[in-house]
Amino acid sequence: MRKLILDLSSLENTDAVARKLAANLFPGAILLFWGSMGAGKTTFAKSLCAGLGVLPEIVTSPTYTLVNIYPGDWPVFHVDLYRLNAPEELDDFDREDLITDEGVTLVEWPQFLLNYLSDEPVLNLGFETVSEHQRRLSLESESGDFDILFKTLEQENSSLHKTANSLSRSGA
Ligand SMILES: Nc1ncnc2c1ncn2[C@@H]1O[C@H](COP(=O)(O)OP(=O)(O)OP(=O)(O)O)[C@@H](O)[C@H]1O
Ligand SMILES: [Mg+2]
């Protein structure tokens, strides 16, 4: 299993991380967004969609429809299951109503979708509120399909820390 923790230290930083992540996605990828209300799931999804060629202004939490489908470089399915109380409430949905193999699927409040998943490449994103403008993002996957994504984000992250450390050492 691969795991990486990133600081989302500002809205700008969240936007940059989400776009970097988007650049390393592929059709069939499923991203599960975990975290409490206001932790930043939809905010991250908007920037991620922008990185996938979707107009960010059309990205809104599909609270009543359960799934929004956006055209972009690939179709993006944006699912939000917050209002569900039990997994049976998804019984009227087929897998292809909720998950796209031709594009990227993003799921907020995903616990009731887990029944629909087996061997797909799943990336878990856990959002935590640190302070008003700071969030912590943990990325976890058991799928090797995200290896390049992890490598890219790890490299970015360590070069960012090196720059920050040398700046603080130089007193800047
Ligand atoms: N660094 C940051 N990253 C993301 N969001 C931030 C950050 N700093 C502040 N915020 C604010 O936190 C709020 C996050 O709300 P958002 O709707 O994205 O949360 P959510 O996890 O989707 O919540 P819900 O479960 O209610 O849908 C937004 O108002 C956003 O502007
Ligand atoms: Mg949301």
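# A friendly walk through the sheet and its helices

Reader: Happy to look at this with you! How many bridges join β4 to β5, and do these strands run parallel or antiparallel?
Author: In this predicted model, β4 and β5 are joined by five bridges. One pair to look for is V76, which stands opposite V104 in β5. As for direction, the two strands run parallel.

Reader: And on the side of β2, how many bridges join β2 to β5?
Author: Here too the strands run parallel. A pair you can find in the structure is L32 with its bridge partner in β5, V107. The number of bridges joining β2 to β5 is four.

Reader: Which residues of β5 point the other way from V104, L106 and E108?
Author: β5 is mostly covered, with five of its five residues buried. V104, L106 and E108 point one way from the strand, and the residues pointing the other way are buried as well. Those are T105 and V107.

Reader: Let's zoom out. What is the order of the strands in the open sheet?
Author: The chain has four helices and seven strands, and along the sequence they follow the pattern β-α-β-α-β-β-α-β-β-β-α. The open sheet has seven strands with mixed pairing. Its order is β1-β7-β6-β2-β5-β4-β3.

Reader: Which are the edge strands?
Author: Start from the order β1-β7-β6-β2-β5-β4-β3. An edge strand here pairs on one side only. From one strand to the next, the twist averages 20 degrees. The edge strands are β1 (2–8) and β3.

Reader: How many of the residues of α2 are buried?
Author: Helix α2 spans residues 41–51 and is mostly covered. Its buried residues are K41, F44, A45, K46, S47, L48, C49 and G51. They pack against α1 (11–22), β2 (30–34), β3 (67–70), β4 (76–80), β5 (104–108) and β6 (122–131). Of the 11 residues of α2, the buried ones number eight.

Reader: Is D15 buried or partly exposed?
Author: D15 is found in helix α1. Its C-alpha atom is separated by 7.6 Å from that of L48, a residue 33 positions away along the chain. A residue needs 20 or more C-beta neighbours within 10 Å to be buried. D15 has 19 inside 10 Å, so it counts as partly exposed.

Reader: Now the ligand. Which element gives the largest share of the shell around ligand 1?
Author: Of the 19 residues around ligand 1, T14, G40, K41, T42 and T43 come nearest. The elements that give two or more residues to this shell are α1, α2 and β7 (134–141). The largest share is three residues, and it comes from α2.

Reader: Which loop holds W109, the non-glycine residue with a positive phi?
Author: Most residues other than glycine have a negative phi. W109 has a positive phi of about 50 degrees, and it is buried because 21 other C-beta atoms lie within 10 Å. It lies in the loop between β5 and β6.

Reader: Finally, what radius of gyration does the chain have?
Author: A compact globule of 172 residues would have a radius of gyration near 16 Å. The chain agrees with that expectation. Its radius of gyration is 16 Å.

Definitions and conventions. Residues numbered from 1 in each chain as written. Chains lettered and ligands numbered in written order. Predicted model: local features only at pLDDT ≥ 70, side-chain atom pairs only at ≥ 80, totals over all residues. Buried ≥ 20, exposed ≤ 12 C-beta atoms within 10 Å, placed from the backbone. Contact = placed C-beta atoms within 7 Å. Near = placed C-beta within 6 Å. Rg over C-alpha atoms; globule rule 2.2 N^0.38 Å. Pairing = 2+ DSSP bridges. Axes fitted to C-alpha atoms, helices over the stretch in contact; angles between N-to-C directions.
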